[in-house]
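Thanks for coming. I will walk through one structure this morning, and you can follow along on the screen.

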Amino acid sequence: EDPKSPVSESYRSLRTNISYASSDNKIKSLLVSSPQPGEGKSTTTANLAIAFAQLRKRTLLIDGDLRKPVQHNVFDLSRGPGLSEYLVGQINDAKEIIHSTKIENLSVMTAGGLPPNPSELLGSDRMGQLVDQLGQEWDMILLDSPPIVAVTDASMVSSEIDAIALVVKAGQTDRSAVDRALDTIKNVKAPMIGVILNGANPETLAGKYSYYYS
């Protein structure tokens, strides 16, 4: 809502970092997770999707958090039908669950109903086929996934995407949770692109970095 703010600039810098990191192997799908709930992964994913859309890239944001989805609220959309209905076969055309937003070039696939078996759905062949299909139709896909330590959902789907980024919150995220999350990512051989530090206080970034925030 405020493109000139330092926060907006931070998301654009994040977008640039991802683009440079993918210069060798072009990243068209990015899964965003976190070690624990409440670290800002959904907010990060939403704003990063907006940043890519502002580059005139046809961007799709998939709400893959089938336990506590929030992206439909962020973009003022109906939660269902959505991804879960597609994965159980109630809907066969993915276009039926993709919604345009007020942001040019940005669409959202909502989560849909809350299934009893989200891990199995996200790890299914149908989910893998969906990601492959959408990758041919969209310039950039961002997948908002559940916290990686709390549930297995994120690691179940990570084999289908080009890269995974982990959101950690300054002064809040437990270090042991980060270690467990990194172990999980390593064990499933997910393509880790890096860690996003959220909630950093500019006043604590003293010394040579302080001039950025003057």
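Predicted model: local features only at pLDDT ≥ 70, side-chain atom pairs only at ≥ 80, totals over all residues.

**Loops, sheet and helices**

Asn105 is partly exposed, with a relative accessible area of 28%. Asn105 is not a glycine, yet its phi is positive, about 75°. As for where to look, Asn105 sits in the loop between β3, residues 98-100, and β4, residues 106-109.

Another residue to look at is Asp76. Asp76 also is not a glycine and has a positive phi, about 55°. Is Asp76 buried or exposed? Asp76 is exposed, at a relative accessible area of 63%; the cut-off for exposed is over 50%. Asp76 belongs to the loop between α3 and α4.

Stay with that loop for a moment. Pro81 lies in the loop between α3, residues 71-74, and α4, residues 83-87. The peptide bond leading from Gly80 into Pro81 is cis, and its omega is near -5°.

Now the sheet. Strands of a sheet pair through backbone hydrogen bonds, either parallel or antiparallel. Here, seven strands make an open sheet with mixed pairing, and the order is β3-β4-β2-β5-β1-β6-β7. Which strands stand at the edges? They are β3 and β7, the latter spanning residues 192-198. Each has a single partner strand, so one side of each has no neighbour in the sheet. On average, neighbouring strands of this sheet are turned by 25° against each other, direction ignored.

Within the sheet, take β2, residues 59-63. Strand β2 runs parallel to β4, and four bridges join the two. Leu61 has Val108 in β4 as its bridge partner.

On to the helices. Helix α8, residues 175-187, lies across β6, residues 163-169, and β7. Its direction is at about 175° to β6.

The last item is a helix pair. Two packed helices are described by the angle between their axes and the distance between the axes. For α1, residues 6-21, and α2, residues 41-53, the axes come within 9 Å and cross at roughly 75°. The two helices are therefore roughly perpendicular to each other.

Which residues of α1 meet α2? They are Tyr11, Leu14, Arg15, Ile18 and Ser19. On the α2 side, the contact is made by Thr43, Thr44, Asn47, Leu48, Ala51 and Phe52. By type, the residues of this contact divide into six nonpolar, four polar and one charged.

That is the end of the walk-through.

Terms used:
Residues numbered from 1 in each chain as written. Heavy atoms only, no water. Axes fitted to C-alpha atoms, helices over the stretch in contact; angles between N-to-C directions. Parallel < 35°, antiparallel > 145°, perpendicular 65-115°, else oblique. Contact = heavy atoms within 4.5 Å. Nonpolar A, V, L, I, M, F, W, Y, C, P; charged D, E, K, R; others polar. Buried < 20%, exposed > 50% of the residue type's maximum accessible area, 1.4 Å probe, protein only. Pairing = 2+ DSSP bridges.
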